[in-house]
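Reader: I'd like a close look at the charged side-chain pairs here, please. Take your time, and then show me the surroundings too.

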Amino acid sequence: MARGWGGEDRWRRGWLLAVVAVALALALLLHSEVPNAVGNLGSLWETFLPWGGLLVPVLLVGALIRRSVVALVALLVPAIAWLNLFGGLLSDRTGGTGDLTVLTHNVSADNPDPVGTARQLAASDADVIALEEVATDRVEVYEKQLAKAYPYHDVQGTVGLWSTYPLEDSEHVDIGMGWKRALRATVRTPDGEVAVYAAHMPSVRVQFRSGFTAEQRDRSAEMLGRRIAAEPVHDVVLLGDLNGTMNDRALAPITAQMRSTQGASGEGMGFSWPADFPMARIDQIMVRGLEPESSWTMKGTGSDHLPVAASLNFP
């Protein structure tokens, strides 16, 4: 006879599911305590942390099949934990148009249509554009296509800035790569000067023997964080592919001193990678001093990343 929800054993069924549910809640709330000693599992978990919520409906199905009151009650714990972490991101926090609009895009060295990508970005109406992974043989393509809308620009290695406002003091920023993948420039806007950093952090890898390897990315984050902390200009913007999410502890040298525009003024999670099925936001816009007004993810350009943009206000 089919077992119902009643009976004396209703509180004895599904204890394993209940334990898994509580463990999931702890992994969500204490994500920074998940050790990185083996394969950087902690950072890997934090990169895809929002997707941990998908385990809740899976466990719910198991609880219903088992007709377990204990498991259902326990499932409230990870559900509340997930909402505590990400519930605020489900709402629309976007505002209007701010004083300064910025955009960042990893255009991909293997982009099959760099001309189309550049034209799409030129039509974005952004005041400042940062591009990452600009192949040496394609620099002229982006310079030509963006020249009319963005008369001021500088390229350092594979990273470049294009601006409608004058750029001053543009220079390479050393992030320990051995080649140029970050720069800093002062943008002279009608409302004041802004220090703009463009960066492309080292890639992370998931390897069979080594797990999630991110040591070089982590060292670069420390170097960039120290440089931004020493920045004398009050208003600072960081644009780039950081190969990490705001939850990733490895980016703490940066995230501890800057605000994410997506977290403050975006709609939804704002995932940007991979472009065909975005699962994480590793392309970031962060600010210090400026106030985020709106933040959004743009449509694909042919790159494996989506462009992200933000509108900012001066204090």
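Author: A salt bridge here is a side-chain nitrogen of Lys or Arg within 4 Å of a carboxyl oxygen of Asp or Glu. Before we use that, two notes on the ground rules. This is a predicted model, in which local features need pLDDT of at least 70 and side-chain atom pairs count only at pLDDT 80 or more, while totals for chains, interfaces and linings use all residues. Residues are numbered from 1 along each chain as its sequence is written, and side-chain values use heavy atoms, with hydrogens and water left out.

Side chains of opposite charge can pair when their charged atoms come close. In this structure there are eight salt bridges. Let's begin with Arg249 and Glu46, whose closest N and O atoms are 2.9 Å apart. Arg249 sits in the loop between β10 and α8 (252-255) and Glu46 in helix α2 (residues 41-47), so this pair ties together parts that are 203 residues apart in sequence. Helices and strands here are DSSP runs numbered from the N terminus (H or I, at least four residues, for helices; E, at least two, for strands). The two partners can also be compared by their surroundings. Buried means under 20% relative accessible area, exposed means over 50%, and partly exposed lies in between (1.4 Å probe, protein chains only). Glu46 counts as buried because its relative accessibility is 1%, whereas Arg249, at 24%, counts as partly exposed.

A second salt bridge joins the side chains of Glu171 and Arg227, at 2.6 Å from N to O. This one links distant parts of the chain as well: Glu171 is in strand β5 (residues 167-172) and Arg227 in helix α7 (residues 215-229), 56 residues apart. Glu171 is partly exposed, with 34% relative accessibility, and Arg227 is partly exposed at 28%.

Then there is Arg259 with Glu291, where the closest N and O atoms are 3.1 Å apart. Arg259 counts as partly exposed at 40% relative accessibility, and Glu291 counts as partly exposed at 39%.

Six strands form an open sheet with mixed pairing, in the order β3-β4-β2-β1-β14-β13; two strands pair if DSSP finds at least two bridges between them. At the edges are β3 (152-156) and β13 (291-297), each pairing on one side only. From one strand to the next the twist averages 15°; axes are lines fitted to C-alpha atoms, for helices over the stretch in contact, and angles run from 0 to 180 degrees between N-to-C directions. Within the sheet, β1 (residues 100-106) and β2 (residues 128-132) run parallel and are joined by five bridges. His105 has Leu131 of β2 as its bridge partner.

Helix α6 (residues 139-146) lies across β2, β3 and β4 (159-163), at about 10° to β4. Its buried residues include Val139, Tyr142 and Leu146. These cover an arc of only 70° around the axis, which puts them on the same side of α6; the arc is that of the directions from the helix axis to the C-beta atoms. The face turned away from that buried side carries the exposed residues Glu140 and Lys144. Among the elements covering the buried residues of α6 are α5 (114-122), β2, β3 and β4, where contact means heavy atoms within 4.5 Å.

Finally, the nonpolar interior. A nonpolar core is a set of buried Ala, Val, Leu, Ile, Met, Phe, Trp, Tyr and Cys residues joined through side-chain atoms within 4.5 Å. The largest one has 23 residues, of which Val102, Val128, Leu161, Val196, Val237 and Leu239 touch the most other members. Elements giving two or more residues to this core include β1, β2, β4 and β10 (236-241). Leaving aside neighbours within four places in sequence, Leu161 is in contact with residues including Val128, Tyr152, Leu183, Val196 and Leu239. For the chain as a whole, buried residues make up 49% of the 315.
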